[in-house]
Amino acid sequence: MFRNLQSKSIAVLFLLFLTFGLQAQSLITGKIIDQDSEDLVGVSVIVKGTTRGVNSDIDGKYSIQASPGEELIFSFIGYTSESVIVGNQTIINVTLNQSDALLDEVVVVGYGVTQKRDLTGSVAQVDAESLENAPGSRVDQMLQGRAAGVMVTSSNGSPGARSSIRIRGGNSVNADNEPLYVIDGFIVGTDFNLNNLNTNDIESIDILKDATAISIYGTRGANGVILITTKSGKGAGSGKPTVTANIYSGVQNIARKINYLNGPDRIAYGKELSEFSGEADPFTNPAEAGNTDWQDLITQTGAIYNGDISIAGQNDDLNYYISANYFNQEGIIKNTGLERYNLRTNFDFKITPKVTAGLRLNGSFTNTNNNKVDLWSMREVLTAFPAYYPDGSYWDANTVTGGVLRNPIADIEQRTDFTYGTNLLTTAYVEYKPAKNITIRSSIGPKINWSKRNQYDSGLLPQRAVAQTGGFGDVNTYFSFDILQENTVTWTKKINDNNRFDLLGGFTWQKGSQESFWAQTQGISIDAIGYDDLSLGDPLTYRVGSGYSDSRQLVSWLGRANYSFKDKYLLTVVGRVDGASVYSGSNNAYAFFPSAAFAWRIIDEPFMQNQNLFSNLKLRTSLGSAGKESINPYNTLAVLNNSILVFNDVQAVGIQRGRPANPELKWETTNQVDVGLEFGFLNNRITGEIDYYYKRTKDLLLARQIPKVTGFDTKLENIGSIQNQGLEFMLNTVNVNKNDFRWESTLTLSGNRSKVLNIAGVDEIIIYTLVQGGPGAKLIVGQPVGVFTGVEYLGTYKSQEEIDADGNLGIRQVVGGPRFKDENGDGKINNDDHVVMGNPEPLFFGGINNSVSYKNFTLDVFLQGTYGNDIYNEYNQRGFFGRSTANFYAELNDRWTPTNNTSDIPRAGSMISIADVRSNTALLEDGSHLRVKTIKLAYDIPVKSSTIKSLNVYGVGNNLFLASSFRGYDPEANRLSSNSTVRGIVRAEYPNAKTITFGVKANF
């Protein structure tokens, strides 16, 4: 299917390249002045739709060739652009007026919009055009480095994989720390599958960060809010609709590989290991050994394709936007990928002069081909093993362990794993304006999500074939239904030139329910049937389960008041009351979240009027709170659990107490202070913002140890607190602005410092533990959230004297073997020797985008990265210290040997048990990196046609280069991306891809 679509795309590209001739031209001259009759130097004058352009000279004069029917565009930084149809004129003089376009820019906030000049809170805006046609299925993947204070981490590189986002750090321990997503006013939650959205349908992305911005969302706003607004027909022009066709396609390859010992080197290491440790040599038959690059065998060049078509238009009574999208991405690991069909319809109707109504509907169907290869298990698929036996069957002998090998090629070819998803997101609204300054709005909409995962493991898989268990089938379905109903009243009033009010009040109600069903069996003998008929399995292996929850309801009252005095002193007060069913039975089911902000437009003060340096200067500050539900439904109540009991060899079902009640539970609350400065220089040629924030989350819900005489071990209580504070910086500069050349840069930098203040009255909590080797990450009072802990690695023992000096530490100690620090001097290496050895939190993170346009060419280069963060690479426990069953890093060729006795890489065979390799500093790596995230080159083809309005061709490179010392696939990966507190821990996640695409966009 992809190749057919690609052929059609090429045909469309060829047809769209047709252009039309030019008309006769005349010399047009003139002079350009400002509103004070001063000459303007360097004004850009271009003929619209062409590459012809000039700049005004030192006297404000210009001359240019143009045809009678063409249009001249006059533009200059800090001034409103003007356009003039040439007609029969040969002299065209123009006056440009100073513009406050930047300040008049519309910013979307909760339950409304405002002009940037009136904004009192901290809101980051991401230009949707910068995300357009980026090769990916999810908008969150494209936000990295684009907004100050917003840290985006990819969990892995699989098609459609979600990213984890922290806005000004994480606030909770037990609950998730992901931001709240609001799409066209619908509160979709923190776990909405963004694969359901077509990124090219997005009009704007606004990220709410400070207390005043987020408290309007009450109990769900503490982690920040991302508002996504989709396109409408506004701006499409009256009359005929605008039809836009947009197609891109390309290829993806693995961006980097892990550098392992090759087959011969791994065999040599194994022989050395067996000689020193006394283990049997696993490679006694060289004829059976291999030199296999398993990473090459499981990866591929994957195709990616995206096709959009949209229709937009407006008239006096209707504006509309309709789009259809098809997206297909093959993963770089074989037999993985994502396919999506998407349909969107946005309508706004003017029913009467006072009544308008509208509809936002997004429907999507996704088919995800899930990854079948366990890259963590691949650590034991040695490069010295062949992929196949001579007869072509899968190699299945693990000669090191003596067991059956999980062959990744067999996994790819003999496992089936698809997830089908259908999502419908709809909002309908009606607005009534009984008076010019009063708007009453009511909206309602459902969110419906259905998914089904089908899995089948063939009986031909080596493990199943040896055990003769036949095929394994599993079917899992999930359905959820949410409905949101909101009612708001807005009143705006300009009392006089000095006093202006904007008031909002509202009531909302939201309810959600979920149900699930799963069934599985083994012993299926006919692979062709697979999961389609589970009744063919062994009845003794049948397993069935189901679940239903109708337990989340939220009722809310909200209000916001904006007051402006002389348009330079701005005050905002916000409050929301939430009541949630998850706190049913609690004395604190309802909570109030207030906030207030003040902004001072210093630039409008009289003492700023006679200076030429600042073009914008605004100081703002805010204080307030937002909340978090943080618990599963009815955790406030005592419950009974079922238990299996046996009496006289007869099984019976019993009941026991599950947990104690706690009617005093209440919301986790985040209080936040923000101070920000917005500035602009030289007619806003240089603009930016600086923000300092301090957040403290109190009443964290944690399980406290209680006396066992109560019949329980723990009790959920509000007994924790965490703080975050940081700086955010955003700078935009127009470096060059000539008639045919413009260079603009945008820089974002942020740094967050978290700190654990209290955790259930104890000093520390273990949040991540190695399978063998002790705790790897903890919450420790006084430390940043989720610090890495372990013993200090001191290199290798260089002599027996060093071993004797350390004494017997309870682990194997040999010359050339690893040496660890006995921190407390008790003669043992254990958990008591663990120290804080690393922090997943970067000192700063951000991105820089450079956009250069020359005539009809536009080049965008976006770099993104972090500095100062540590990565806990769990694979180093095997790949560096050399357990006999694992693949090792190629750097182990420089290991300690009698002839290389200064090396700090342990000798082969020095570690018999992986349990002797405790969590230690050798597992830490520098996570600092700089990535060439996106390079986009576009060209606007000049056209003269009554059919084609504009034609643009472009090429995009994504993830083209990574500067990093990290050994693994990608320093951004996080194996527990959904975890609230565990960050920066990797094993061997799905690799990230390097992508190159080419496309064309045409407006008709």
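Select Thr981 first, together with the residues it touches: Ser172, Val173, Ile767, Leu779, Val785 and Gly786, leaving aside residues up to four places away in sequence. A contact here means heavy atoms within 4.5 Å. The model is predicted, so local features need pLDDT of at least 70 and side-chain atom pairs count only at pLDDT 80 or more, while totals for chains, interfaces and linings use all residues. Residues are numbered from 1 along each chain as its sequence is written, and side-chain values use heavy atoms, with hydrogens and water left out.

Thr981 is placed in the loop between strand E47 (950-963) and E48. Helices (H or I, at least four residues) and strands (E, at least two) are DSSP runs, numbered from the N terminus. With a relative accessible area of 4%, Thr981 is buried. Buried means under 20% relative accessible area, exposed over 50%, and partly exposed in between, for a 1.4 Å probe and protein chains only.

Next, select E45, E44 and E48, which form an open sheet of 3 strands in the order E45-E44-E48, with mixed pairing. Strand E45 (924-926) and strand E48 (985-986) stand at the edges with a single partner strand each, so one side of each has no neighbour in the sheet. Two strands pair if DSSP finds at least two bridges between them. Strand E44 (residues 870-873) runs parallel to E48 and is joined to it by 2 bridges. Tyr872 stands opposite Ile985 in E48.

Move to strand E32 (residues 668-681) and strand E33 (residues 686-705), an antiparallel pair with 13 bridges. Within this pair, Thr669 faces Lys698 in E33. The hairpin of E32 and E33 has 4 residues between the strands, and Leu682 there takes a positive phi near 55 degrees. Asn684 is found in the loop between E32 and E33; although not a glycine, Asn684 has a positive phi of about 60 degrees. Asn684 is buried, with a relative accessible area of 16%. E33 also pairs with strand E34 (residues 714-737), in the antiparallel sense over 18 bridges, and Ile686 stands opposite Thr733 in E34.

**Asn423 in E22**

Now select Asn423, in strand E22 (residues 415-435). Asn423 counts as buried, at 2% relative accessibility. Not counting residues up to four places away in sequence, Asn423 touches Phe192, Asn196, Asn362, Gly363, Ser364, Lys447, Ile448 and Asn449. A polar atom of the Asn423 side chain lies 3.4 Å from the backbone oxygen of Ile448.

**Aromatic rings**

Rings of Phe, Tyr and Trp (its six-membered ring) pair if their centres lie within 6.5 Å; planes under 30 degrees apart count as stacked, over 60 as edge-to-face and the rest as tilted. By this rule the count comes to 31 aromatic pairs. Select Phe418 and Tyr420: the ring centres are 6.2 Å apart and the planes stand at 15 degrees, so the pair is stacked. Phe418 is partly exposed at a relative accessible area of 22%, and Tyr420 is partly exposed at 22%.

Phe501 and Tyr563 form a tilted pair, with 4.9 Å from centre to centre and 35 degrees between the planes. Phe501 lies in strand E25 (residues 499-524) and Tyr563 in strand E26 (residues 543-565), so the pair ties together parts that are 62 residues apart in sequence.

Select Lys566, found in the loop between E26 and strand E27 (569-580). Lys566 has a positive phi near 60 degrees in a residue other than glycine. At 40% relative accessibility, Lys566 counts as partly exposed.

**Confidence**

Finally, colour the model by pLDDT, the predictor's confidence in each residue, from 0 to 100. The protein averages a pLDDT of 89, and 95% of the residues score at least 70. Confidence is lowest in helix H1 (residues 2-16), at a mean of 42, and highest in strand E38 (residues 787-790), at 97. Over residues 1-23 the pLDDT is below 50, and this stretch has 31 contacts in the model beyond near neighbours in sequence.

Conventions. Polar contact = N/O pair within 3.5 Å; in protein donor to acceptor, adjacent residues only side chain to side chain.
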